[in-house]
Amino acid sequence: MYLCFNVNDPEWVQKKCIEVISGKDNDDVKGIAITGLGHVARIHGSIDRERVMPVLLACMKDVNLSGRAQDARDDIDISVK
């Protein structure tokens with residue numbers, strides 16, 4: 001979360017969030033990274049959909065991550081034009 005709010009490099013933050021989501025961390029840590037993607041979209045008004053959306057779609061298939069993934073997708077849909 002610190003990165004989302006304090007690093008003014010949305011591409012780099014997205015990359016780090018995706019690394020966490022794709023890694024071996026537990027679902028709580030992955031959930032925070034998913035939420036971070038939504039924050040990046042809201043704060044910066046942009047996101048790399050080609051990189052982020054496949055990750056979120058995969059997370060939506062996981063019962064433990066689907067709620068956060070849907071929230072992040074909603075943030076992206078609302079914030080990114």
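**Entry 1: Q14**

I began with Q14, which is buried at a relative accessible area of 3%, where buried means under 20% relative accessible area, exposed over 50% and partly exposed in between, with a 1.4 Å probe and protein chains only. Q14 lies in helix α2, and I take helices as DSSP runs (H or I, at least four residues) and strands likewise (E, at least two), numbered from the N terminus. I then listed what Q14 touches when residues up to four places away in sequence are not counted, and found L37, V40, I47, D48 and V52, a contact being heavy atoms within 4.5 Å.

**Entry 2: ground rules**

I note that this is a predicted model, in which local features need pLDDT of at least 70 and side-chain atom pairs count only at pLDDT 80 or more, while totals for chains, interfaces and linings use all residues. Residues are numbered from 1 along each chain as its sequence is written, and side-chain values use heavy atoms, with hydrogens and water left out.

**Entry 3: the whole chain**

I looked up the secondary structure and found 5 helices and 0 strands in the protein, which along the sequence gives the pattern α-α-α-α-α. The C-alpha trace spans about 30 × 20 × 20 Å along its principal axes. For the radius of gyration, taken over C-alpha atoms, I used the globule rule of 2.2 Å times the number of residues to the power 0.38; a compact globule of 81 residues would come near 12 Å, and the 11 Å of the protein agrees with that. Buried residues make up 35% of the 81 residues. Among contacts between residues at least 6 apart in sequence, 60% join residues at least 24 apart.

**Entry 4: α2 against α3**

How are α2 and α3 oriented to each other? Helix α3 covers residues 27-44, and I found α2 packing with α3 at an angle of about 160° with the axes 8 Å apart; axes here are lines fitted to C-alpha atoms, for helices over the stretch in contact, and angles run from 0 to 180 degrees between N-to-C directions. The two helices are therefore roughly antiparallel, given that angles over 145 degrees count as roughly antiparallel, under 35 as roughly parallel, 65 to 115 as roughly perpendicular and the rest as oblique. The crossing of α2 past α3 is left-handed, a label used if the near helix is turned anticlockwise from the far one by less than a right angle, with right-handed if clockwise. On the α2 side I listed P10, V13, Q14, C17, V20 and I21, and on the α3 side V29, K30, A33, I34, G36, L37, V40 and H44. By class, this contact has 10 nonpolar, 3 polar and 1 charged residues, where Ala, Val, Leu, Ile, Met, Phe, Trp, Tyr, Cys and Pro count as nonpolar, Asp, Glu, Lys and Arg as charged, and the others, Gly among them, as polar.

**Entry 5: α2 against α4**

I turned next to α2 (residues 10-22) and α4 (residues 49-59), whose axes come within 11 Å and cross at roughly 25°, so that the two are roughly parallel to each other. α2 passes α4 in a left-handed crossing. The residues that make the contact are E11, Q14, K15, I18 and I21 of α2 together with R51, V52, V55 and C59 of α4, and they divide into 5 nonpolar, 1 polar and 3 charged.

**Entry 6: α4 against α5**

For α4 and α5 I found a packing angle of about 150° with the axes 8 Å apart, and these helices are therefore roughly antiparallel. α4 passes α5 in a left-handed crossing. R49, V52, M53, L56, L57 and C59 in α4 meet S66, A69, A72, R73, I76 and D77 in α5, a set that holds 8 nonpolar, 1 polar and 3 charged residues.

**Entry 7: A69**

Is A69 buried or exposed? I found A69 in helix α5 (residues 66-79), buried with a relative accessible area of 0%. Leaving aside neighbours within four places in sequence, A69 is in contact with I34, L56, C59 and M60. I also looked up K81, which is 12 residues from A69 along the chain, and the C-alpha atoms of the two are separated by 19 Å.

**Entry 8: V80**

V80 lies in the segment after α5 and counts as buried at 9% relative accessibility. Which residues does V80 touch, not counting those up to four places away in sequence? I listed A41, G45, S46, I47, R49 and D75. The C-alpha atoms of V80 and I43 are separated by 9.9 Å, the two residues being 37 residues apart along the chain.
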